[in-house]
Structure formats: structure tokens, C-alpha cells
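Hello,

Here is the structure I said I would pass on. Please open it beside this message, as my notes follow below.

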Amino acid sequence: MRLRLVLTMLAAGAAIQPALLAQTEPAPRAPMGVYAKVDISKDIAASPPPPVDPNDPYYDQYFSGLFQTLLADPAISGLTIQIHWSMLQPTQTGPYFWNYLDDAFTQVSTWNTANPNLPPKTIQIVAVPGYQSPTWLLNQIPLCDPLFAGQTPPGNCGTITTAGYDETVDQNILPLPWNPVYKAAWATFVAAMAARYGSNPALVSVSVAGPTAASAEITTFSNDTVNGASQPSGITPNKMWIALFEMQYPGNPVYQNSDQAFIDEWENAINLYGQVFSGLTLSVVTGGGLPNFGSNYDMTPTPINTNDCSNPGMECFAVAAILSYFVEANVGGQNGKNTQTDGMTASRESDANTGVAGARWLAGYTAALGTPSTQILGGADTNGPFSGDPVGEGCFADFPPDSTDTPPGCNLGACTTEPCVPTNCIPQVCLAAGVTYSQLAGYATFFQVQNKDPSALIPPEQALYNVLNVYFNGTAVAAQFGGIPGSAPMNFLQIHDEDIQYAEATTAPAAVVTLTNSGCTAAGVCVNNYGATTPFTAQQLLNMASAALAQISELPLSVPPAGLSITSLHTGNFTQGQSGAAYVLTVSNAASAAATSSMVTVTNTLPTALTLV
């Protein structure tokens with residue numbers, strides 16, 4: 001900041017004595033460690049007894065008890081609460097439904113009060129709009145669906161009807177990210193959430209959302225995120241977006257066949273959160289699924305290379321452009337920043353679009369920039385529960401397999417029902433230590449093995465070990481989990497709440513876990529190179545992960561207070577009786593210091609011989 005004050009006066013050669021007052025912000029709060037991720041809607045659907053009204057007081061008791069159980073685990077640093085906007089704001093004019101978030105903050109406060117000599121446990125909030133928007137809002141925004149039939153939609157249309165999105169959704173209506181009614185309503189809600197929780201010391205991070213689909217990830221409805229369902233429009237998702245861009249941005253080639261509209265709205269969302277939150281960490285969650293419209297994108301200027309674009313394309317460029325904006329020093333307000341990948345599995349070390357390798361690379365790259373406003377912490381969340389689906393979450397090969405990772409003699413076409421994987425098509429790394437295909441000759445499919453002989457498949461403990469191998473690879477603690485050591489920092493890992501409960505309940509006997517001998521190459525590519533075996537419980541592995549993160553987590557860089565200084569300058573000597581004499585007061589902030597966040601006052605006390613004109 002530089003402020004020039006030019007004052008004209010009658011001068012009498014006296015000294016000028018300016019004074020300067022300013023206020024600064026403390027360093028931002030940041031997430032560190034292993035967090036138990038609680039997806040509120042999913043847990044309500046799965047909890048006994050059969051689901052009832054989410055407003056029923058039963059669920060307050062249920063979640064309070066669940067939070068207590070999770071917080072009691074010594075490996076857990078806190079809670080990540082994922083919750084739908086539709087649940088938090090069920091009516092436009094009625095009260096917000098903060099119950100389950102309030103329950104989380106209450107239980108964290110209770111635990112911290114009871115354990116004053118231990119590090120306080122904290123909370124991350126992931127509030128999700130998009131498909132999870134409230135019905136009252138969607139009823140106010142007309143559908144643009146007539147556009148896809150060659151008709152003229154309402155001029156204020158801002159939603160579309162979709163089918164087959166590959167994540168669980170509240171309904172099949174998606175608000176368009178640029179619609180002003182949607183954006184205004186979301187901004188009002190975000191401000192209300194910040195007013196209620198933003199200053200609570202237990203809240204360390206909040207995920208940026210808005211131009212989103214069913215989560216907080218940088219993804220949306222596209223050809224890559226629908227599961228083969230035919231669309232009500234009769235055309236593909238990407239062609240729907242092309243028609244929408246032509247309607248929204250007529251005559252503007254920048255937005256045609258391009259992801260530029262999504263880039264714009266993500267930047268707007270980051271700005272919104274930076275304005276209403278202060279003193280914590282903003283999280284931008286990368287993901288794959290923005291539309292790819294071919295090669296119609298401009299890589300100049302080249303955005304930050306997040307080490308993810310092994311398959312360069314428009315979608316990855318768009319995510320990199322959003323992260324490049326996020327890194328800018330003047331973006332994000334008085335907050336820290338982090339990026340994370342969602343959906344991490346053991347088979348996705350080098351995801352072509354912003355996987356854990358990218359989050360790790362960006363954390364290391366921005367640490368070297370050396371300024372608080374450009375430091376991006378790193379994190380990840382597991383794709384699913386390793387306790388419920390060890391093979392899908394923790395196998396080093398994609399499962400179900402494709403033709404690139406199947407054993408010799410496998411014929412994936414041998415199955416006639418779906419989902420179906422012939423037994424001899426199960427990748428060897430998905431089988432438990434010592435198990436051979438000949439031992440499974442009595443089973444025709446993976447489904448039969450899973451139901452009749454699950455011990456033949458990798459156990460949950462092996463799945464967790466493999467995931468930790470991928471997560472910690474390239475960090476100083478990688479060797480503990482069979483990876484290649486490096487210098488990259490990482491701050492947190494989110495693990496599903498049912499996995500934490502599994503670890504707490506399954507204390508014996510320890511499962512046989514096959515250790516990897518440098519499970520990933522120096523280039524970051526995972527290989528299926530197995531070594532010795534050793535017994536581990538899931539809790540022991542979580543404890544190891546927690547201790548490892550304590551070693552490699554980045555503290556937010558110190559935010560130096562605003563280093564304000566003031567100088568005065570005039571040309572020549574002032575003489576008695578002179579009129580129109582001018583001097584300049586220059587106020588400066590140190591180059592690496594925090595920006596000021598409140599009024600800066602300059603007070604200039606004139607000697608009695610001078611008169612201000």
C-alpha cells in the first residue's frame with residue numbers, strides 16, 4: 001500500500017511530525033493431521049433405525065454420539081463435516097437448520113475442555129450446493145430445457161434437467177453456475193455460515209463451492225461424469241453446455257466450446273469466500289469432470305504446472321488456471337489456503353487430472369515462494385471406506401479392471417451379467433498375501449469370492465496401508481509406508497468415519513500386511529513390487545499416519561504484521577511568510593508483510609507556525 005498526501009500550507013521552516021496507526025490480522029488457522037470425514041446425508045440414510053425425518057431429534061443424539069466416538073480416537077485431529085445446502089436452509093424465510101454442525105462444534109468444544117493438555121481438535125466444513133441446492137430456490141429459477149429442443153427458453157432460465165450423474169444427488173436439477181439468482185442465494189447462505197462459525201477457533205478450514213455439482217470438487221455434469229444414462233434432452237452433456245454457452249455469451253468466442261465460464265465462476269466463488277471469511281484456511285478441492293471440448297484452449301500464459309496434466313487437455317488446463325488464480329497474493333482475503341484431491345485410491349498415484357501427486361507438488365512449490373498469501377497447503381480424502389470396499393479403495397490396480405491391468409488368460413467378456421469380473425481377471429495385487437488363482441478355482445466370479453471367501457482378498461488393513469503408501473510417497477516419511485522419500489509437505493488426510501469406527505472396534509487380531517519395497521518409482525509411478533509381511537491393525541496404521549503428518553505438515557507461514565512506515569519530503573527550504581509550500585507524506589507497507597485489514601489513520605501535527613491550507 002502506498003498513500004501520497006500532498007498538503008499546501010503557509011510554512012515557517014518547522015519540523016513535520018506525522019504519526020501512523022494501523023491494525024493487523026493474526027495468522028490463519030489451518031488443518032493438520034488425520035480427520036474423520038462425516039457425510040451427514042449418507043450417514044442419515046445408512047443409520048439404524050430406518051431413516052426418518054432428518055429434523056427428528058433422534059439424529060442430534062445420533063450424531064452427537066458419533067462425534068464423541070470419533071473424537072475419542074487418539075489418531076484423529078478433528079472432524080470434516082460434509083453437508084448439503086438443502087439441509088442447512090430448508091426454507092427461504094425460515095430459520096437455518098444448523099443442528100448437526102452445532103452438534104459437531106459442541107462435541108469438539110467438550111473434548112477440548114476435557115483435555116486441556118492435548119492439542120485441540122478442530123473442524124473442517126464442506127457445505128455443498130449444485131445438485132444439493134434447496135427446492136425453494138430451484139422453484140424460482142426456470143428451466144433452460146427448451147433450448148435443447150431448438151426452442152426459446154425463458155429469458156431468466158438458469159437450471160437444467162439431467163440424468164445419470166455419477167455421484168449421489170438430492171434431485172436431478174442442476175443450477176447453472178452463472179445464474180444470478182442462484183449466486184445471490186448462495187452468497188447469502190455463505191455469509192450466514194461465516195457469521196455463525198467463522199470466528200469459532202475450532203473451525204480451521206472451509207471448502208469453496210458454488211459452481212459445483214454434487215460435492216465441493218472442481219467438476220460438473222459432463223460426458224465424463226454421467227454413467228451412461230440417456231439425457232432427457234436427447235443430446236450429450238457436453239453438447240448441452242455448448243448450447244448454453246451460445247445462449248449465455250452470444251458472439252463472445254472466448255466462451256464458445258470452452259471451459260472459460262467455469263474458470264470465471266470459480267474465481268468469483270474464491271473471491272466470495274475471501275470476503276466473508278477471515279483468519280482460517282480456504283480449501284479448493286480439485287477433481288476431474290469439467291467438460292473437454294477438444295483442443296480449443298490457449299495455454300498462454302501457461303498456468304501453474306500442478307504436475308497433474310500428464311494427459312494435457314482443456315479440463316486440466318481449466319483446473320490449473322483456477323489454481324493459478326488461487327495462488328495469487330491478493331486473492332483469498334485474510335485467510336490461509338489449501339488444495340486437496342478427493343477420491344484418492346491406491347491405484348491413483350498420478351491421476352491425469354489433479355490427483356494427490358498434484359496436491360503434493362503444489363504444496364511443495366508454493367512453500368518455496370515464501371509468502372503467506374501464496375502458500376498452498378496440501379491434503380486429500382479417500383474415495384470410499386477401505387473397511388467396506390478394500391479392493392476398490394486399496395488395491396494397487398484399478399478395480400473393476402480393464403484390459404490394461406488383467407492377468408494372462410483373463411477374458412473380461414466371459415461374464416454375461418453386470419457387475420461381473422471372472423475370478424482369473426482379479427489382479428494379483430488385489431488378492432491377499434499368498435493366495436493363488438488355483439485356490440480360487442471353485443469360484444467363477446469376484447462376487448462369489450467376495451461373499452464366500454473374503455479372506456482371499458486384501459484385508460482392510462492392507463487397503464489402508466496401500467492408500468498411505470500413495471499419500472505419503474514423495475514426503476520425508478514415505479519409507480514408513482514403502483514409498484520413495486522426498487521433501488514434499490502434506491497437511492491432512494480425510495478418512496471416512498466408518499473406517500475410524502472399524503479401526504477402533506478391530507483391535508485384534510492384527511492382519512497380515514504385505515509391505516512394498518519402494519512401492520512407487522522416483523518418478524512417482526506406483527509399481528506392484530511386494531516385500532515382507534508384518535501384522536498391523538488399522539488403528540496402528542492410523543496412529544502411524546497421524547504421527548507422520550505431525551512431522552511433515554506445514555504450519556501456515558508467519559503472517560508478519562503490517563510493516564507500515566511513513567516519511568515526509570519537501571523540495572528546498574521553507575521560508576517565513578512563504579505560501580503554497582507543499583510537502584509529501586508517503587505511507588508504505590513492507591513488501592512481505594500482511595495487508596492492512598481495517599482503517600489506516602495518518603495524523604499530521606503541524607507546528608504552531610504553520611497553517612494548513
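**Surface and overall make-up**

The accessible surface of the chain is about 25300 Å², and carbon and sulfur atoms account for 54% of that area. Please keep in mind that this is a predicted model. The chain has 613 residues, and 52% of them are buried. Its secondary structure consists of 15 helices and 18 strands.

**The core**

In soluble globular proteins, nonpolar side chains tend to be buried together. The largest nonpolar core in this chain has 149 residues. Ile40, Ile125, Trp241, Tyr273, Phe277 and Phe472 are the residues with the most contacts inside this core. Helix α9 (residues 314-327) supplies the largest share of the core, namely ten residues.

Which residues is Phe277 in contact with, leaving aside its neighbours within four places in sequence? They are Val190, Met193, Ala194, Gly198, Leu203, Val206, Leu282 and Asn335.

**Ile376**

Ile376 is in strand β11, which covers residues 376-382. Is Ile376 buried or exposed? Ile376 counts as buried because its relative accessibility is 0%, and the cut-off for buried is under 20%. Apart from neighbours within four places in sequence, Ile376 is in contact with Phe326, Val327, Lys337, Asn338, Thr339, Leu362, Ala363, Thr366 and Glu554. Tyr365 is eleven residues from Ile376 in sequence, and their C-alpha atoms are 8.5 Å apart.

**Cavities**

There are three cavities of 30 Å³ or more. Two of them are described here.

- The largest cavity holds about 50 Å³ of space. Its lining is made up of Lys37, Gln82, Val126, Ser207, Ala216, Val285, Gln340, Asp342 and Gln494. By class, that lining has three nonpolar, four polar and two charged residues.
- The second largest cavity has a volume of about 40 Å³. It is lined by Leu174, Pro175, Pro177, Gly210, Pro211, Thr212, Thr220, Trp241 and Phe262. Here the lining has six nonpolar residues, three polar residues and no charged ones.

**Backbone details**

Where are the cis peptide bonds that I noted? One joins Phe399 and Pro400, with omega about 0°. Pro400 is in the loop between α11 (390-394) and α12 (446-452). Another joins Ala508 and Pro509, with omega about -5°. Pro509 is in the loop that runs between α14 (497-505) and β13 (511-516).

Asn257 is not a glycine, yet it has a positive phi of about 50°. Asn257 is found in the loop between α7 (237-248) and α8 (260-276). With a relative accessibility of 33%, Asn257 counts as partly exposed, because that class takes in values between the 20% limit for buried and the 50% limit for exposed.

Regards

Definitions and conventions
Residues numbered from 1 in each chain as written. Predicted model: local features only at pLDDT ≥ 70, side-chain atom pairs only at ≥ 80, totals over all residues. Heavy atoms only, no water. Core = buried A, V, L, I, M, F, W, Y, C linked by side-chain atoms within 4.5 Å. Buried < 20%, exposed > 50% of the residue type's maximum accessible area, 1.4 Å probe, protein only. Helix = DSSP H or I, 4+ residues; strand = E, 2+ residues; numbered from the N terminus. Contact = heavy atoms within 4.5 Å. Areas by Shrake-Rupley, 256 points an atom, 1.4 Å probe, with all protein chains shown as cover. 1 Å grid on protein atoms, 1.4 Å probe; cavity = no way out; pocket = protein on both sides within 12 Å on 5 of 7 lines; lining within 4 Å. Points joined across faces, edges and corners; volume = space filled by probe spheres on them. Nonpolar A, V, L, I, M, F, W, Y, C, P; charged D, E, K, R; others polar.
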